[in-house]
Amino acid sequence: MRRVLGSVDGYSNDFGKFAGRIGLGVGQDPGGLGFADPPVHTRLRKALTPEFTMRRLARLQPRIDAIVAGRLDAMAAGDGTADLWHDFALPIPALTICELLGVPYADRDYFQQLSTSRFDLGGGAGVSLDAIGTSLSYLGGLITEQRRHPGDGLLGSLIRAHGDEIDDRELAGLADGVLTGGLETSASMLALGALVLMTNPAMAGRMRDGDGVDQMVEELLRYLTVVQVAFPRVAIHDVRVGDADIRAGDVVMCSLSGADRDVLLGADPHRIDPSRTPDRSHLAFGYGIHRCIGAELARMELRTAYPALVRRFPAMSPAVPPTELTFRPASIVFGLESLPVTLGEAA
Ligand code: HEM
């Protein structure tokens, strides 16, 4: 897996190379980093990287704390039940990305709605790409506004530093990539992670005590691996990988969820083990030049939200039996459609 994902000249991520093979037009290219090869990818990623350094992200921590506290307060003020997907898991990354990008407060509800349908492959790839198209046009408007008055967020700072080298379409693609990359992924991790904690009281107890939070977050990332496959790659040459002969032009899909259940990551990989200390890191954030640029931001959200949730609602439990939970039928991002819970006494 690492050989494929880490190869710079063996495979291409260029949208134009495989669009036709899956019935899409080149005009439907969503832009961003995931569907670009060097040197375009290198140039765009270099512009975006300074926005994701630990130092730059640290300024978001107080906002993430406040966003999480706001959601917990709203749930505590309700009738003792909640849908953790809608009330907790989705708003936390959506509001965090609004902070990161510099989306105006008035637009935040609309922004959240834009993001929900895009990962649903139930209607075919075309429907998701239409949702991406709507989002790109919203972001286009935001970019026009930020070109006039660059704000403090990622868009304003990209425009100040690289406004002449990056055109509006590329900027919209980058912003959309951040939205696509950072919303449902973190939301699914929050909802599924909360479900794991509700069914694993020992782990929830450790999370509540702040005992090994970072390690448990890594184990949840490995165990759940919500981004099930990496971006599609097209083989540039004929190549043999493991037992498979791949021809130049073949589309190669790498199963990250499969890789993260490898015994290389420790014994009994199908079991969640809060004390797991693997020699190799998991592939939940991918590997190679397309490795997730938002990994540290995602970790900040998860490390903040899980302990806060189990501290505020220590007796929270699923309101329906596990067999009645609805998982998304076909989606790139593994996740729940809703997570009804009974909150129990709030602490
Ligand atoms: C738990 C949450 C997250 C998971 C599991 C996740 C997973 C991934 C994976 C697996 C890839 C790489 C796919 C490949 O190699 O083909 C990726 C790429 C990416 N992610 Fe994330 N991600 C998460 C959160 C975020 C956040 C919070 C952001 C930004 C705010 C983000 C932005 C991106 C971008 C822009 C890329 C494309 C990078 C490139 O092509 O150079 N992700 N993510």
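**Figure 1. His-41 in helix H3 of the predicted model.** His-41 sits in helix H3, and the model shown is a prediction. His-41 counts as buried because its relative accessibility is 4%, and buried means under 20%. Beyond its neighbours within four places in sequence, His-41 is in contact with Leu-33, Ala-36, Ile-289 and His-290. His-41 also reaches the ligand: an N or O atom of its side chain is 2.7 Å from a ligand oxygen atom.

**Figure 2. The shell around the ligand.** The ligand is surrounded by 30 residues. The closest are His-41, Arg-45, Arg-233, His-290 and Cys-292. The side chain of His-41 places an N or O atom 2.7 Å from a ligand oxygen. For Arg-45, a polar side-chain atom lies 2.7 Å from an oxygen atom of the ligand. For His-290, the corresponding distance from a polar side-chain atom to a ligand oxygen is 2.6 Å.

Figure 3. At least two shell residues come from each of helix H3 (40-48), helix H11 (168-182), helix H12 (184-198) and helix H16 (295-312). H11 gives the most, with 4 residues. Sorted by class, the shell has 18 nonpolar, 10 polar and 2 charged residues.

**Figure 4. Packing of H12 against H14.** Helix H14 spans residues 213-224. Its axis and that of H12 are 11 Å apart, at an angle of about 105°. The two helices are therefore roughly perpendicular to each other. On the H12 side, the contact uses Met-189, Leu-192, Gly-193 and Val-196. On the H14 side, it uses Leu-220, Leu-221, Tyr-223 and Leu-224. By class, this contact has 7 nonpolar residues, 1 polar residue and no charged residues.

**Figure 5. Packing of H14 against H16.** The axes of H14 and H16 come within 10 Å and cross at roughly 110°. H14 and H16 are therefore roughly perpendicular to each other. H14 contributes Val-213, Asp-214, Val-217, Glu-218, Leu-220 and Leu-221 to the contact. H16 contributes Arg-299, Leu-302, Arg-303, Tyr-306 and Pro-307. The contact residues divide into 7 nonpolar, no polar and 4 charged. Leu-220 and Leu-221 of H14 are also among the residues that meet H12.

**Figure 6. The loop between H9 and H10.** The loop joins helix H9 (125-148) to helix H10 (154-162), and His-149 lies in it. His-149 is exposed, with a relative accessible area of 54%. Its C-alpha atom is separated by 9.9 Å from that of Arg-160, 11 residues away along the chain. Asp-152 is found in the loop between H9 and H10. Asp-152 is exposed too, with a relative accessible area of 66%. Leaving aside neighbours within four places in sequence, Asp-152 is in contact with Arg-56, Arg-59 and Arg-160.

Figure 7. In H10, 7 of the 9 residues are buried, so the helix is largely enclosed by the rest of the structure. The buried residues are Leu-154, Leu-155, Gly-156, Ser-157, Leu-158, Ile-159 and His-162.

**Figure 8. Glu-184 and Arg-328.** Glu-184 is found in helix H12. At 2% relative accessibility, Glu-184 counts as buried. Arg-328 belongs to the loop between strand E7 (317-318) and strand E8 (340-342). Arg-328 also counts as buried, at 14% relative accessibility. A polar contact of 2.8 Å joins the two side chains.

**Figure 9. Val-333 and the other contacts of Arg-328.** A polar atom of the Arg-328 side chain lies 2.9 Å from the backbone oxygen of Val-333. Val-333 is also placed relative to Glu-184: their C-alpha atoms are separated by 7.1 Å, although the residues are 149 apart along the chain. Neighbours within four places in sequence aside, Arg-328 is in contact with Trp-85, Glu-184, Ser-188, Val-333, Gly-335, Leu-336 and Glu-337.

Notes. Residues are numbered from 1 along each chain as its sequence is written. This is a predicted model: local features need pLDDT of at least 70, side-chain atom pairs count only at pLDDT 80 or more; totals for chains, interfaces and linings use all residues. Side-chain values use heavy atoms; hydrogens and water are left out. A residue is near a molecule or strand if one of its heavy atoms lies within 4 Å of it. A polar contact is a pair of N or O atoms within 3.5 Å; within protein, one must be able to donate a hydrogen and the other to accept it, and residues adjacent in sequence count only if both atoms are side-chain atoms. Ala, Val, Leu, Ile, Met, Phe, Trp, Tyr, Cys and Pro count as nonpolar, Asp, Glu, Lys and Arg as charged, and the others, Gly among them, as polar. Axes are lines fitted to C-alpha atoms, for helices over the stretch in contact, and angles run from 0 to 180 degrees between N-to-C directions. Angles under 35 degrees count as roughly parallel, over 145 as roughly antiparallel, 65 to 115 as roughly perpendicular and the rest as oblique. Contact means heavy atoms within 4.5 Å. Buried means under 20% relative accessible area, exposed over 50%, partly exposed in between (1.4 Å probe, protein chains only).
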